[in-house]
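Let's take a walk through this structure together. Have the sequence and the 3D view ready, and follow along as we go.

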Amino acid sequence: QEMATANWTLPDHPTLPKGKTVAVVVLDGWGEASPDQYNCIHVAQTPVMDSLKNGAPEKWRLVKAHGTAVGLPSDDDMGNSEVGHNALGAGRIFAQGAKLVDAALASGKIWEDEGFNYIKESFDKGTLHLIGLLSDGGVHSRLDQVQLIVKGASERGAKRIRLHILTDGRDVLDGSSVGFIETIEKDLAQLREQGVDARIASGGGRMYVTMDRYENDWSVVKRGWDAQVLGEAPHKFQNALEAVKTLRAEPKANDQYLPPFVIVDESGKSVGPIVDGDAVVTFNFRADRMVMLAKALEFPDFDKFDRVRVPKIKYAGMLQYDGELKLPSKYLVSPPLIERTSGEYLVKNGVRTFACSETVKFGHVTFFWNGNRSGYFDETREEYVEIPSDSGITFNEQPKMKALEIAERTRDAILSGKFDQVRINLPNGDMVGHTGDIEATVVACKAADEAVKMVLDAVEQVGGIYLVTADHGNAEDMVKRNKAGQPMLDKSGSIQILTSHTLQPVPVAIGGPGLHPGVRFRSDIQTPGLANVAATVMNLHGFQAPADYETTLIEVVDK
């Protein structure tokens, strides 16, 4: 069917020649922010990237790498490596995150997919547990999606359902938890009338229970584990409404920081611990605050806290939260299978392709770039090289990572004359940035810059063209900031380190001796994003992009 809809022959570009070697370099976690001491890209010695930025203004520009530009619901959503490489490779914007879940629920596809059928095996004898943020904020989860999951599961054989709720007050107004609980309790009461044993089993505030991120504080996850899995918490109530109203009445209490509680029966016994044979779904669609719980639920050799009891369960996430770790291994909503990606088009038009990174980002320049698809399109025209990442250490211990090795392999590929395109990812800015180690991240940025130099030198030698870009920000801002943009301090007066991605734009730079002298960046695209890169790369190979691709970033003017 795909062959019928796709004419794989790309039209030639009217003025740009074919046959030049094109190097596509993705610097992971390399955004553009104001220069200060917490901008590791600014602090680091990065002469090559500086020269691209300060060289010819018509050959360097910024594009959007977060939010709607990469298919996420809102511009408060930071980009990530998976959606960034999807957009870079696909040349179009595909629904990601909440939008993807909405589509799967609307079409009913969610009930037919592997993830739901996997957890459904437990419905006969076990309990279905749903864990996540009870909120309509739309940043991590949405109440209406939870309602549909509860309803759909009960219609498909779930006889016993337990909700483990986390109150919000961060993406929504403080105090709105009460209304959300009233709404879901009405649904659960209706199910009980229909003979389904459906109840809230535990709860707590999102910042104090379960939803830590970037391994900042495992005790947050442990508090959740104790309540959700073991059925133990310092506060016991007969129902969730009473729990939240009582705990909110304490001095200085708010939804974000409510202590963990469990719901107990008349005899004081927890109504919903997670036990052998149960199914568990974490219903947040956003990954960053679910990864730690997913590790505790799924990893057999987990050692971050004493789990006491590890039930044998069937666990699925709403989505897969980490494409690198393949975590969780089962999920209710699959990533979009993206057809007609730029990589496939170019290979089918004779472009011989080399792709390379180290393990942590290898899938990004292959699997995600190719529309969430494994393997080669044509192994006679493609070679993918994975360089093993350091294991058993945190990345700030060896911040240069494998940048040099990636660059050496890529240089050799360029000089071999066997390839028309080389495509690489240099992970340093992202992987070291996530550790929060500012000094190490500065070293990481310098190493990435040195790797870019090696690749561009090889491009120079063969008369080729380069396009250097990034998938999202990280290393360019390593500190949490208040609304005025000033660094935030903790109680002891130390700066609060930012280990996450950012909402910053990323650069795109083009050049090389093979670049037609009339090429420059267009100024008429309102908010260009990562998806505009694919058509641009096709042009650099001498082709025009398909009509439904996001428009190219470049134009040719007579010089």
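Two strands count as a pair if DSSP finds at least two bridges between them. Keep that in mind as you look at this model, which is a predicted one. Start with strand β3 (residues 128-133) and strand β4 (residues 160-167): they run parallel, and 6 bridges join them. If you'd like one spot to look for, find Leu133, whose bridge partner in β4 is Leu166. Lying across β3 and β4 you'll see helix α8 (residues 143-155), which runs at about 170° to β4.

Now zoom out. These two strands belong to an open sheet of 7 strands, in the order β6-β7-β5-β4-β3-β8-β9, with mixed pairing. What happens at the edges of the sheet? That's where β6 (235-237) and β9 (314-317) stand, and each has a single partner strand, so one side of each is left without a neighbour in the sheet. On average, neighbouring strands here are turned by 15° against each other, ignoring direction.

Next, hop over to strand β5 (residues 197-205) and pick out Ile200, which sits in it. Is Ile200 buried or exposed? It's buried, because its relative accessible area is 3%, and the cut-off for buried is under 20%. So who is around it? Setting aside neighbours within four places in sequence, Ile200 is in contact with Leu163, Ile165, Ile181, Ile184, Glu185, Leu188, Ala240, Ile263 and Val271.

For a last stop, go from Ile200 to Pro427, 227 residues apart along the chain: their C-alpha atoms are separated by 42 Å.

Terms used:
Residues are numbered from 1 along each chain as its sequence is written. This is a predicted model: local features need pLDDT of at least 70, side-chain atom pairs count only at pLDDT 80 or more; totals for chains, interfaces and linings use all residues. Side-chain values use heavy atoms; hydrogens and water are left out. Helices (H or I, at least four residues) and strands (E, at least two) are DSSP runs, numbered from the N terminus. Buried means under 20% relative accessible area, exposed over 50%, partly exposed in between (1.4 Å probe, protein chains only). Contact means heavy atoms within 4.5 Å. Axes are lines fitted to C-alpha atoms, for helices over the stretch in contact, and angles run from 0 to 180 degrees between N-to-C directions.
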